[in-house]
Amino acid sequence: MKIYVDGSYKQSVNPNVAGWAFAAFDENDILLRTAHSVVENPASRQIDGELEATLEALKWVKANKETYFPNGGKVEIFHDYEGIGKWARNEWKTNTDLTKGYKESVNALMLSLISGDQKVETIFSWVKGHSKNAGNDLVDRLAGQAIAESLVNPIKKEVPAKQQILVDKEEIEKILGLLEYVAIVPNVLTAKEHLSDLLKKFN
């Protein structure tokens with residue numbers, strides 16, 4: 001299996017995310033799977049996306065190991081950023097939390113793929129970016145597309161369930177008094193109206 005990975009960062013489009021993408025092909029160059037999304041608040045711009053793409057690709061391989069590798073085999077990761085292979089093979093030092101986390105995660109995934117009955121070896125191969133390599137060009141486009149999509153479909157965050165707040169009449173009256181200072185309290189009219197309605201329930 002061959003998997004191309006790539007990351008992207010476009011400050012002019014959305015400076016708060018880095019895009020990532022991977023595309024998996026079988027030995028006959030038939031496309032098996034593509035995936036793309038973004039990393040929020042990237043520490044090292046597109047590098048966050050490059051590393052995330054690799055981890056997501058290997059997680060997908062692990063989840064589908066029995067399907068695509070019933071007798072074991074190898075997966076070759078093609079990347080245009082050298083650090084992907086260098087850190088995975090312990091050839092580069094990890095000097096940041098980002099690279100340390102990547103090295104730990106990628107090594108754990110590589111180890112899990114060679115365990116069990118279906119042993120899958122992970123190989124990293126560098127390819128030159130923007131060199132008319134079809135696989136590399138595909139993931140480059142998808143990583144950029146992920147950034148554009150982040151503006152249309154913002155990442156949904158898990159929001160904790162609303163908590164019931166119990167207050168008494170005196171607390172509400174105290175808060176209403178504080179809300180007289182309009183200059184320092186945003187949305188003061190909305191807040192006062194809501195609390196005034198709540199106060200009526202005590203009368």
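**A helix in its chain**

Author: In this predicted model, helix α1 covers residues 46-63, which makes 18 residues. From its first C-alpha to its last, α1 reaches 26 Å, close to the 26 Å expected at 1.5 Å a residue. The buried residues of α1 are I47, D48, G49, E50, L51, A53, T54, L55, A57, L58, W60 and V61. An α-helix has 3.6 residues a turn, so residues three or four places apart point the same way.

Of its 203 residues, 38% count as buried. Among contacts between residues at least 6 apart in sequence, 64% join residues at least 24 apart. The accessible surface comes to about 12,800 Å², and carbon and sulfur atoms account for 51% of that area.

Another helix, α5 (residues 134-152), contains Q145. Q145 is partly exposed because its relative accessible area is 36%, a value between the 20% and 50% cut-offs. The side chain of Q145 is joined to that of E149 by a polar contact of 2.7 Å. Q145 and H36 are 109 residues apart along the chain, yet their C-alpha atoms are separated by 8.1 Å.

Helix α5 also holds V152, which is exposed because its relative accessible area is 63%, over the 50% cut-off. Together with V13 and L151, V152 makes a nonpolar surface patch of about 260 Å².

How values were computed
Residues numbered from 1 in each chain as written. Predicted model: local features only at pLDDT ≥ 70, side-chain atom pairs only at ≥ 80, totals over all residues. Heavy atoms only, no water. Helix = DSSP H or I, 4+ residues; strand = E, 2+ residues; numbered from the N terminus. Expected span 1.5 Å × (residues − 1). Buried < 20%, exposed > 50% of the residue type's maximum accessible area, 1.4 Å probe, protein only. Polar contact = N/O pair within 3.5 Å; in protein donor to acceptor, adjacent residues only side chain to side chain. Patch = residues over 30% accessible without salt bridge, like charges linked within 9 Å, V, L, I, M, F, W, Y side chains within 5 Å. Areas by Shrake-Rupley, 256 points an atom, 1.4 Å probe, with all protein chains shown as cover. Salt bridge = Lys/Arg side-chain N within 4 Å of Asp/Glu carboxyl O. Contact = heavy atoms within 4.5 Å.
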